[in-house]
Amino acid sequence: MHVTRVTGNLDDCACDVETIDHFNNDQLFPKLQNLLESDYFRFYKVNLNKPCPFWTSSSHCGLRHCAVKPCSPVKCIKISLCFQYSADANKQLEECEKEQHLGAVDVSLSDETREALLDWSKYDDEAERFCVVDDEASPDSQYVDLLLNPERFTGYKGPEAWQIWNSIYEENCFKPYTVKRPLLPDSFRSSSGGEGQCVEKRAFYRLVSGLHASINIHLSARYLLDDNWFQREWGHNVTEFRQRFDSELTAGEGPKRLRNLYFLYLIELRALAKVLPFFQQPSFHLYTGRPEEDKKHKEQLLQILQLARSFPLHFDERSLFAGDEKEAAKLKEDIRLAFLNISKIMDCVDCFKCRLWGKLQTQGLGTVLKILFSERQIEALPMSSNQRPSFQLSRQEIVSLFNAFGRISTSVRELKNFRSMLAEER
Ligand SMILES: Cc1cc2nc3c(=O)[nH]c(=O)nc-3n(C[C@H](O)[C@H](O)[C@H](O)COP(=O)(O)OP(=O)(O)OC[C@H]3O[C@@H](n4cnc5c(N)ncnc54)[C@H](O)[C@@H]3O)c2cc1C
């Protein structure tokens, strides 16, 4: 029997999976997808060339196999990483090049778009940010068209990918001690110990695990099913999905990961509901230089936020920081610092497309936390444009917030597709 179906109440909140499914799949998802296709939301500025601050993968370039071909430094790293773990060098090189190709980011933009984007940036708000964001003024930062670079299977896997997930879970100490991670190879488990220093931050662990689940749903839903010289076919890979989420195949962990995805959904939805007053300000514009369209998209955006507000079973984030004020403040600061670390780890992701979406989604989640931690400032926002606002979001934060939520919303929708496919198999 396939045991990937998740039903009923979610731990830590008063909501159930069925209510979310109905709300998301029938109401919110189609509206959001529409908005995310608009110009304001499809172009994201990001620096994909920041060096990894935690370890150097380039040391692998000293390997004998690296000399096989002349290569750019980045290509060199990828190829050498492939060789390092392989007995069959030729096959691996092929795989690596394929992965490199699938994981490459398409940075093409028309001249017209490029010029328009320069103009838009003048309208960005300065903001006090919650998490590390790329320096938008850096020459290495570039606009990426997200529609040209869908999140899907890239072939990024193995020790490099585990190292990233491992660092996020183990070194940032969000893992509840009860969670079994039997599938992680021993050699990639953290040897740093540090258990005594870790404070259990269950909710935060669930957010990261939900993000991890979402990424793995996307790669299973847009899998490379066929790749030959005349065509590439992308689609749902039910076997891949089952391997990651079936209760029996994952020692009971799969369904918990899916529940974490729903938990993440609720947290992000809550932030959208709370941030409505910011977007309602008359001075706020989704500036792209075409006033008619900008106005229309602002209306669409407000409708989505109103819809988010109407959700009947919102998560009560006050339960997260209940109790002693000092302790709550310390907990928030710990979370902020750990989150900062996670956003830096994204610069260590070798596959550029994975890095792009990893950065976008961590920034989106960082923005969610910033919103949830700024309740009073948002409520105090002035309705007249003469006063200095107490809360700001930059364009980059706005784009990442909505696109990150769009990814989670799509994952919830994809679960429905996988459920139907699994039912047909029976
Ligand atoms: C930031 C980032 C972005 C990525 N983006 C893409 C992408 O766009 N396309 C693509 O094809 N690949 C992407 N990957 C790779 C992908 O996530 C997997 O790492 C890869 O497919 C290998 O999967 P795996 O089965 O070995 O286990 P992984 O997904 O690598 O997981 C490692 C271990 O963590 C545990 N685990 C798995 N899921 C969860 C969860 N939800 N919660 C808690 N623990 C869990 C399991 O014990 C598992 O063995 C990305 C990886 C990272 C780090």
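Which residues does Cys 348 touch, not counting residues up to four places away in sequence? I looked this up first.

**Entry: conventions**

I note that this is a predicted model, in which local features need pLDDT of at least 70, side-chain atom pairs count only at pLDDT 80 or more, and totals for chains, interfaces and linings use all residues. Residues are numbered from 1 along each chain as its sequence is written, and side-chain values use heavy atoms, with hydrogens and water left out.

**Entry: Cys 348**

I found Cys 348 touching Cys 52, Pro 53, Phe 54, Trp 55, Ile 164 and Arg 355, leaving aside residues up to four places away in sequence; contact here means heavy atoms within 4.5 Å. Phe 54 is 294 residues from Cys 348 in sequence, yet their C-alpha atoms are 7.6 Å apart. Cys 348 sits in the loop between α12 (325-345) and α13 (352-372). Helices are DSSP runs of H or I with at least four residues, strands are runs of E with at least two, and both are numbered from the N terminus. Cys 348 has a relative accessible area of 4% and therefore counts as buried (under 20% relative accessible area; exposed is over 50%, partly exposed in between; 1.4 Å probe, protein chains only).

**Entry: the whole protein**

I counted up the secondary structure as 15 helices and four strands. The protein has 426 residues, and 52% of them are buried. Of its contacts between residues at least 6 apart in sequence, 78% join residues at least 24 apart. I have its accessible surface as about 20,400 Å², with 50% belonging to carbon and sulfur atoms (Shrake-Rupley method, 1.4 Å probe; for residues, only the protein chains shown count as cover).

**Entry: the ligand**

I listed 27 residues around the ligand, and the closest are Arg 152, Thr 154, Ser 209, His 212 and Asn 216; a residue is near if one of its heavy atoms lies within 4 Å. By class the shell has 16 nonpolar, five polar and six charged residues (Ala, Val, Leu, Ile, Met, Phe, Trp, Tyr, Cys and Pro are nonpolar, Asp, Glu, Lys and Arg charged, the others, Gly among them, polar). A polar side-chain atom of Ser 209 is 2.6 Å from a nitrogen atom of the ligand. For Trp 162, a polar side-chain atom is 2.9 Å from a ligand oxygen atom, and Asn 216 likewise has one 2.9 Å from an oxygen atom of the ligand. Taken alone the ligand exposes 940 Å², and the protein buries 92% of that.

Which helix gives the most to the shell around the ligand? I found that α7 does, with seven residues. Both α6 (159-171) and α7 supply at least two residues of the shell.

I checked α7 end to end: its 20 residues reach 28 Å between first and last C-alpha, close to the 28 Å expected (1.5 Å times one less than the number of residues). Because 18 of the 20 residues of α7 are buried, this helix is largely enclosed by the rest of the structure. Within α7 (residues 202-221) I located Arg 206, which is buried at 3% relative accessibility. Its side chain makes a polar contact of 2.8 Å with that of Asn 260 (a pair of N or O atoms within 3.5 Å; within protein, one must be able to donate a hydrogen and the other to accept it, and residues adjacent in sequence count only if both atoms are side-chain atoms). In α9 (residues 253-274), 20 of the 22 residues are buried, so α9 is largely enclosed by the rest of the structure.
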